[in-house]
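Work through the following exercises with the model open beside the text, and try each task before reading its solution.

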Amino acid sequence: MMITHDTRCALDAVVDLLNTAPEGDSPGAPDSLTDLAALREFVARNDISDVGTLSDRDLAAVRSVRTALAEVFAATDDRAAAERLNDLVASAGTTPRLTDHDGYDWHVHYFAPGASVADHLAADGGMALAFLVVAGERERLRHCEAPDCRFAFVDLSRNRSRRYCDSRTCGNRLHVAAYRARRREAAG
């Protein structure tokens, strides 16, 4: 499956946005998108361009987009995911246009010039996720299988076998725990 640079960036931003949400099953898990400073940091971290001055209204709108994107990840089938994506992309007033800004080759932006950060995320992120649904690859939208982590990720591995948001942290931690349990059992 070929994913272009801009689609990969949009998918990365979607995952980063989803992972700012408090984890529903973890009591006390914080929401890390609670104020304008956190939104500015998110925008900078994801290199989201042309969003203008951010306001509390933008923060509320981005949090609403985050909820809609989480519904796409939680969809039980392609039809449910497609319906949610259609609503999300339509709400952003999608306006596809070719651009070659900031040293990148030609690529497509799906948001209108001067769009809000929420519309930017809804349009570009929604279209990136739509690309996966159209390609029959919705199962690549996953949550970490570590019991103490439910972070979202997009499994872009060739054989669709990724189980953890980060194999160096969650995956390694579980492998070490399993190894230690086997050692304790063997020691009797």
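This is a predicted model: local features need pLDDT of at least 70, side-chain atom pairs count only at pLDDT 80 or more; totals for chains, interfaces and linings use all residues.

**Exercise 1.** Identify which residues of the largest nonpolar core touch the most other members, and which elements supply the core.

*Solution.* The core holds 43 residues, and those touching the most other members are Leu39, Phe73, Leu121 and Leu129. Next, assign the core to elements: two or more residues each come from α1 (5–18), α2 (36–45), α3 (56–74), α4 (78–91), α5 (117–134) and β4 (152–154). Of these, α5 gives the largest share, with 10 residues. Now take Leu129 as an example: once neighbours within four places in sequence are set aside, its contacts, counted between heavy atoms within 4.5 Å, are Leu11, Val14, Leu69, Val72, Phe73, Leu85 and Leu141. Finally, look for a separate core: a second one of seven residues exists, and Cys149, Phe153, Tyr164 and Cys165 are among its members.

**Exercise 2.** Describe the protein as a whole through its burial, its contacts and its extent.

*Solution.* For burial, take residues under 20% relative accessible area, which make up 39% of the 188 residues. For contacts, consider those with a separation of 6 or more, of which 52% join residues 24 or more positions apart. For extent, the C-alpha trace spans about 65 × 35 × 35 Å along its principal axes, while the accessible surface comes to about 10,900 Å², 50% of it belonging to carbon and sulfur atoms.

Notes
Residues are numbered from 1 along each chain as its sequence is written. Side-chain values use heavy atoms; hydrogens and water are left out. Buried means under 20% relative accessible area, exposed over 50%, partly exposed in between (1.4 Å probe, protein chains only). Accessible areas come from the Shrake-Rupley method with a 1.4 Å probe; for residues, only the protein chains shown count as cover. A nonpolar core is a set of buried Ala, Val, Leu, Ile, Met, Phe, Trp, Tyr and Cys residues joined through side-chain atoms within 4.5 Å. Helices (H or I, at least four residues) and strands (E, at least two) are DSSP runs, numbered from the N terminus.
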